[in-house]
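Here is a short report on a structure. It covers contacts, domains, the nonpolar core and confidence.

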Amino acid sequence: MPNNTVIEELRLEHITKRFPGVLACDDISLSVGKHEVLALVGENGAGKTTLMNIVMGLYQADEGSMFINGEKVSFKSPNDAFAYGIGMVHQQYMLVPNMTVLENIALGMKDSWHFTVDLSSVRKRIEEISDHYGLKVDPDAFVWQLSVGEQQRVELVKTLCLGAKFLILDEPTSALTPQETDELIVLLKNMSRELSIIFISHKLNEVKALSDKVSILRHGRVVFNGRTADYSPSEIAALMTGHEVEIASNNSEKTKGKDVLVIENLVVKSDRGFNALDGFNLTVKEGEIVGLAGVSGNGQRELAEAINGIRKTESGKIIFYGEEIQNLTPNGVIKKGMGYIPEERNTEGIVPSMSIKENIILKDSDGRFSSHHILKNKEIEKYASTLRESYDIRSPHIFVAAGSLSGGNIQKVILAREIDRNPKFLVCVYPIRGLDMGAAEFIHRLLLDLRNKGVGILLISEELEEIMNLSDRIAVIFKGKNQKMMDAKEATTDKLGILMAGVNDED
Amino acid sequence: MDLILNTLTLTIRFSVALMIASMGEMFNQKAGIFNLGCEGIMTMGAFLGLLIPFSYGGAGSVPFGINLLGLLSGAAAGALMGLLFGIIVITFRAPQGIAGIGLQMFGVGLAGTLFRSYIGGSQSITGITAYPIPVLSKIPVVGQILFTHNPIIYICYALVPLAWFIIYKTPWGMKVRAVGTHPRAADSLGINVSRVRYQSLALGGAMAGFAGAFLTLCQAKMFTAEIINGRGFIAVALVYFGQWHPVKIFLGALLFTFAQVLQTQIQIFVPSFQYYEFLTMLPYILVIVVLAFNKESNKLGPAALGKPFNREMRI
């Protein structure tokens, strides 16, 4: 029966899914018709991905059912979904890095599995799909050699090779440059003439550009269903967060403070041994936010780690309030007054198994919170409780393991610790990555307040909107070099996007 | 001359057990499971390798079929122990390192106990004897080195290209590589990660068990609980040494055995040479050097090695 079935309508009714302690999907119903594009919008943790994993048969729903063309179906494995021509591109790409593109696609094409794998039939199929949709891929390249944008194309080709007529895309643009994003949107727009698409996103301009219908999820429930054309992005944003969203932005006058962080010709090696920073220059003044834009993997991580003493530098200088701090120990850098919001909040920012209160005093356990090497528990609890209030950390109390909190609350724990120590400077790496709009807004306000108190901030981010809203000046990093430094007022998405892709008109 | 000739001949003969066991361990690790219990499985295999032929004919010579049955029963026991390990580390997601040490002690202990209660003190068997291939074995030098062994050895050497073929050319091998590197990706394509991992543990276990039985039947012709003498652990190390590639693992097994054999042969032929232990140490040092300086292997190895897979665990 499947295989040739054309999906006229896919309908979900009353889907409920529980994880230990979390109600991920709560009585969700929605439907998608033939050649329709449904945008599934919602904050992080709203249950979008879980819902799609249920459609694919990766998770089993606890309650509710799924109907295809009015007939009830239940999928036990992705194979069942493939049989109906449903395919999904996951947010984290599902490609095996030490296999070639060809093998990765063969892994899903079970009709190529005979005594040996019939790779030539797979190659032919890839060519057909590539030509038909204008998706170029190199079948013989290993996946680890590909850029993020190329990997995404491979994912799309893979899904189409498996016969998908109904595509599910989980935040397909989250790792792409603005240009790549635009190309993808055009591509998907064309594909939607032949295919049905469910498109998960929280970028509202993409939702507007691509979708026919929009469903908004909040805390596992559908709070809104409607036709995209009838609503403005800000109306959708309000429905998504449950309140009017005021985007924090930096409108205050530019400071003329002195240079507090000066980076000169910095060379730092990556883990893989090449120069991740290759003669990098940057200055940040007092009371100023400098946004560093760039596609991740161009040296951002190495820069943040070098400033904070976590990574050795090869050559060049990092001058902090007139003193060279390159190759100090992390503790040495902290003592100079540096604050750090690391990229990996779960593994670098906190010790997940330790409580909120312990994480909050982690940098001062030898100082004000102990005497004779014994922790002053009362004082710690009092301090942590105050911070929990003032930073709006949502948790039952301060004794819960920090790792059990949501991403936004973990980030607030880290910010509380770093900001309340009154740093002289803050290095902030992807501070709102993966956070919902409410938490992001709160964090942005904290950063702006800190700036207004005269603290310099280096804001490393790949979200151009964030960078343009918060920064006084903007730099673009590409292959370990500072492409260009400009005033935030001169910056546009296009301009930054071109620089991020490595094109510099001054060359 | 005799020193070299003997060393090479014995290298070919003695590297088989190590080679088969590490080839089996390679299948485990390719699928993402790190089986430190190899030593225990080999010991059980060695015991079973003795059990059937000895029960049938004692120390005397027994039909080839009975010996073959001994080898196969070793493989079967190994497969079962592999599956047992699978229950522990796949279904119950126990930490693989500790579970492996447990399996090793279990295998050695069980084999020793069974041996004492069913057979008793050390007994020797005739086992499988060498069979020089008529014309080929008469070729000078090469003939002795390559063609004077028992028939099982040739089959074992054929396993190297076969393992390569299975891993890189068949659908099953492709699944094994996928579940060992990115189990989530395999899962999203409808591949049953646990099933593939169980299958490779059964295969890897069977090969380790076979290697153990080979040791009693073709090499030692007797059994003690210490017969494996660390070969199981060397097999695990060889997989790293050979960077999960069958041909490199095969060369590693030859190199290791060569050093071992050379050391014993030097004691026989050149009794005046005092420092033969250093020769035995060389391959171990080589493993450390290779592992320490080879960063490429991160890219090629099974990245999910040692990590239990849980589909509903959210990162």
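## Contact between chains A and B

How many residues does the contact take from chain A, and how many from chain B? Chain A supplies 22 residues and chain B supplies 18 residues. The model is predicted.

On the side of chain A that touches chain B, two elements give two or more residues each: α2 (78-83) and α3 (101-106) of chain A. The largest share comes from α2(A), with 3 residues. By class, this side of chain A has 15 nonpolar residues, 6 polar and 1 charged.

## Two domains in chain A

Chain A is assigned two stretches: domain 1 (9-241) and domain 2 (259-500). Taken over C-alpha atoms, the centres of domain 1 and domain 2 of chain A are separated by 33 Å.

The two domains of chain A touch: 9 residues of domain 1 are in contact with 12 residues of domain 2. On the domain 1 side, the elements giving two or more residues are α6 (178-191) and α8 (233-241) of chain A. Of these, α8(A) gives the most, 3 residues. The class make-up of the domain 1 side is 3 nonpolar, 5 polar and 1 charged.

## The largest nonpolar core

Which residues have the most contacts inside the largest nonpolar core? They are Ile20(B) and Phe214(B), in a core of 229 residues. Helix α9 (residues 193-220) of chain B gives the most to this core, 16 residues. The core also draws on chain A, with at least three residues from each of domain 1 (9-241) and domain 2 (259-500). In soluble globular proteins, nonpolar side chains tend to be buried together.

Now take Phe214(B) by itself.

## Confidence

How confident is the prediction, and what are the scores for the model? The ipTM is 0.87 and the pTM is 0.79. For chain B, the mean pLDDT is 89. In that chain, 97% of the residues reach 70 or more. Where pLDDT is low, the predicted coordinates should not be read in detail.

Note on methods. Residues are numbered from 1 along each chain as its sequence is written. Chains are lettered from A and ligands numbered from 1 in the order in which they are written. This is a predicted model: local features need pLDDT of at least 70, side-chain atom pairs count only at pLDDT 80 or more; totals for chains, interfaces and linings use all residues. Two residues are in contact if their C-beta atoms, placed from the backbone, lie within 7 Å. Helices (H or I, at least four residues) and strands (E, at least two) are DSSP runs, numbered from the N terminus. Ala, Val, Leu, Ile, Met, Phe, Trp, Tyr, Cys and Pro count as nonpolar, Asp, Glu, Lys and Arg as charged, and the others, Gly among them, as polar. Domain bounds come from an automatic or database domain assignment. A nonpolar core is a set of buried Ala, Val, Leu, Ile, Met, Phe, Trp, Tyr and Cys residues joined through C-beta atoms within 7 Å. A residue is buried if 20 or more other C-beta atoms lie within 10 Å of its own, exposed if 12 or fewer, and partly exposed in between; C-beta atoms are placed from the backbone. pLDDT is the predictor's confidence in each residue, from 0 to 100.
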